[in-house]
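Have the viewer open while you read.

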Amino acid sequence: MRASNDQPNSQNMESPSTSHIRQQFIDFFLERGHKHVPSAPLVPADDPTLLFTNAGMNQFKDVFLEQGSRPYSRAVNSQKCIRVSGKHNDLESVGTSPHHHTFFEMLGNWSFGDYYKREAVRWAWELVTKVWKIDPSRLYATIFQGDGDVEQDEEAHRAWIEETGLPHERVSLHGRRDNFWEMGEVGPCGPCSELHYDLGPDACRRQDEEGHQCAVNGDCGRIIELWNLVFIQYRRDTAGKLHPLPNRHVDTGAGFERFLMVIEGVSSNFETSLFRPLIDRIAELSGEPYQSDHRGIPHRVAADHVRALAFSLADGVLPSNEGRGYVMRRILRRAARYGREIGLETPFLYKLVDPLVAVMGDDYPDLKERYRHIVGVIRAEEEGFARTLGRGLELFGAVVERLRQDKKTVIPGDDAFKLSDTYGFPLDLTELMARERGLHVDTELFEKLMAEQRVRARGEDKFTVPGGEFVSGLKSEFVGYDQIETTAEILSAKAIDGQLEIVLDRTPFYAEAGGQVSDKGWIEVGDVIYEVKNVVRVGEAVVHKVELQTTPPYSPPSIEEGVKVVARVDTIQRLPTQSNHTATHLLHTALRRHLGQHAAQAGSLVAPDRLRFDFTHFEKVTPEMVEQIERTVNQSIRADYEVTWYTLPFKDAIDSGITALFGEKYGDEVRVIHIGSKDNPYSRELCGGTHVRRTGELGLFRIVSEGAVSAGVRRIEAVTGEAAIDLTLSEHRGLEKVKDLLGAHGSDPVEKLEKTLEEKRALEKEFERLLTVWANGAAVELDAAATSVNDVDVIARGFEGLEIERLKLIGDSIRSRNSRAVALLTSQSASGSGHICCVVGDALIAEGKLKAGELVAQAARVAGGGGGGRPHMATAGTRHSDQLTKAVEQFPAIVREALEGG
């Protein structure tokens, strides 16, 4: 089917909000007996075949497979989808295509053995043409033409002709590739019928090709699919044979973003009100105005990708090096790299979450509820990637230039390996950048080098210290679990870098491991006492690092192999350290009980003065929950549980459900820390550290802080014993100081503080009122000084030190006073950046000749910046604040040109 070469009439209608359009779809089918089913999460439940939900039908898959049922036979929803893997992979098309996305919303309605083709066609047509008022003359329908297995879909053909009035020539037949749907090689399937829309001749990418004819299911981009109606009526068996289903189903899917583009009368999904706030924010951050051609690819990529990131994070996906997390990391890094093409060399994607939430937060509350989590994870990922991206891009550019000079097209595997090993570039990112330049990568050599690196890494996974060769073959017995002092014999000693390193045959000193710092103390050799500063384990030997005594009155005795010594641990450090270590076990148990089993240890520090515990968790822990966790740990301390330890084979320990901790290295035999009774343990974890004998020895546990460390990892810092008492007393003194400052002795300090804050808010409200009075006064003054251009009052004025919000306030006042005024207000802010605000009165907007977004873009270009916005108000930014005066001076001419050109 070929399209007419005449330019169809554009959609002439006022665009409702995105929320309203989405709700119109749902309400339309609710009125026709459908059940509104909420969007399923982006992480499919009980479906290991999918990384992400990629279609509205995913949550009804069991129904189509006849493995489940629903208490309703008709359903409607708007489904969150991501297509970045498998056969549905739109990642490479995002940015270059005006209609493809990684994340999108699929509007759908379903019939489970209820209505069928005629109703589905009729309702689709009615919604599109009657409710959304899309021009019927621009619509086309397709049906399955039939093949050796299935006959032509005459039922759907008749439905389109009889139910919609579409002319025969706009209902076309197509083959299995376009118009037959199958869930897989085996299972439900059936013909599908699609509704297409003609964007007009200007949308054709091949209009300059001689003899080209635009057609439905063509490849020129003019006629696009809007809605796919799938009619599930067969089941294909393992032999490939089709069997009619006893219950026939309808499964429809319509891309919300595409429908929005048509309804709003724009030429790209990215120009809709769903994307425009994101695009405008990117233009503002970069200073690069958005262009609909190839120059806008970075804007489109970033706007699209931040949606995928935010929604996936809201649904619990975290960036990582495998699975869904790896896909998210790829998406973020792709967006970050494109950002650099428009000058965004520092993290910026997290700044797009605000406009995204403003547009979609009401419809998807998870975005608001998990806002801080989303922003924090994106920012942390960006910062991590930015540390190596710049240097890596420079290396990649040098490699590409070398290949061009040598007239080669293959990036050597060793260069790709260096990008990965040194600069953190995943291979697929290097391959992506290579393809964009017509190159490819020698992946065979890359994989060979990676394998060699893994072998080297295994060989280097050993702890060494300067002079460590002197411990070869030595073994130290650790007796520190039960003793803090012991006699020992020197096995080896050597002076290295101003320190003496001593290996003993037995030692009570704990060597740093598993997050616990090493013991300190003393080694007595005769009458001389050496202070032990650090202890490390090298192989099976424990190396004690002590300070050399070089000044009188001591005359050090001979320190050599065979000399008898006394080794004594500093209990002032050991006792609080082991209290803190036992506290980490109690804390770990409390976290799992209150947050869930996912709250696993991700790192720790156990020192005499504090403990630090990192754990995996997807969102902020509320103050109330922190308080409850602290209370639970203190309850376990007051219970005065016995703490014991024993060894057993590693496999037996894991099989019995004992928790293995982060940072520990386990041999065949492992040590178990058992807290509580034998039959009813409170905690059982593998650990090689030192511990108290009873939990009551901890005295008190206080959480000092809780917060995020990195994407999906949080940290608690806490103290026990005397340090916890000191913290409590310090907080009490602080409260007393607050009482003094508030004059609240003898009264409730919280009530007094609330009253003080209420007074502060009242003052702020009064300030805002005075600010409005000031803005109105400024508007009066500016309006009086306006210049008339073709019966339009033109105002152009520069200010100093005003932020953009102040300029917008004045602009609003001008608009409310004079509906025929157009104003350009600029300011060099205190930070040195340049702000521009343009407003247009309602009467001028109605005449259709002046739009603030277009005017501010032109003025911004004069000042070396960029921006945009809505017809009544738009903003821009520039790094060249010294050029603002030029923009103000030229604004009347810009307005005159717009009026005369219109």
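Start with Phe-25: at a relative accessible area of 0%, this residue is buried. Keep in mind that this is a predicted model. Trp-132 is buried as well, with a relative accessible area of 1%.

How many aromatic pairs are there? The count comes to 21. One of them is made by Phe-25 and Trp-132: the ring centres are 6.4 Å apart and the planes sit at 20°, so this pair is stacked, as planes under 30 degrees apart count that way. Phe-25 belongs to helix H1 (residues 18–30), while Trp-132 is in the loop between helix H3 (117–131) and strand E6 (139–144), so the contact ties together parts that are 107 residues apart in sequence.

Next up are Phe-60 and Trp-110, with ring centres 4.9 Å apart and planes at 55°, so they count as tilted. Phe-60 lies in the loop between strand E1 (35–36) and helix H2 (61–64), and Trp-110 lies in strand E5 (residues 103–112), so here the parts tied together are 50 residues apart in sequence. Phe-60 is buried at 0% relative accessibility, and Trp-110 is buried at 0% too.

Zooming out, ring pairs join Phe-25, Phe-28, Phe-29, Trp-132, Trp-227 and Phe-259 into a cluster.

| Charged residue | Ring | Distance to ring centre |
|---|---|---|
| Arg-176 | Phe-180 | 4.3 Å |
| Arg-337 | Tyr-338 | 4.7 Å |

Technical notes. Residues numbered from 1 in each chain as written. Predicted model: local features only at pLDDT ≥ 70, side-chain atom pairs only at ≥ 80, totals over all residues. Heavy atoms only, no water. Phe/Tyr/Trp six-rings, centres within 6.5 Å; stacked < 30°, edge-to-face > 60°. Helix = DSSP H or I, 4+ residues; strand = E, 2+ residues; numbered from the N terminus. Buried < 20%, exposed > 50% of the residue type's maximum accessible area, 1.4 Å probe, protein only. Lys NZ or Arg CZ within 6 Å of the ring centre and 35° of its normal.
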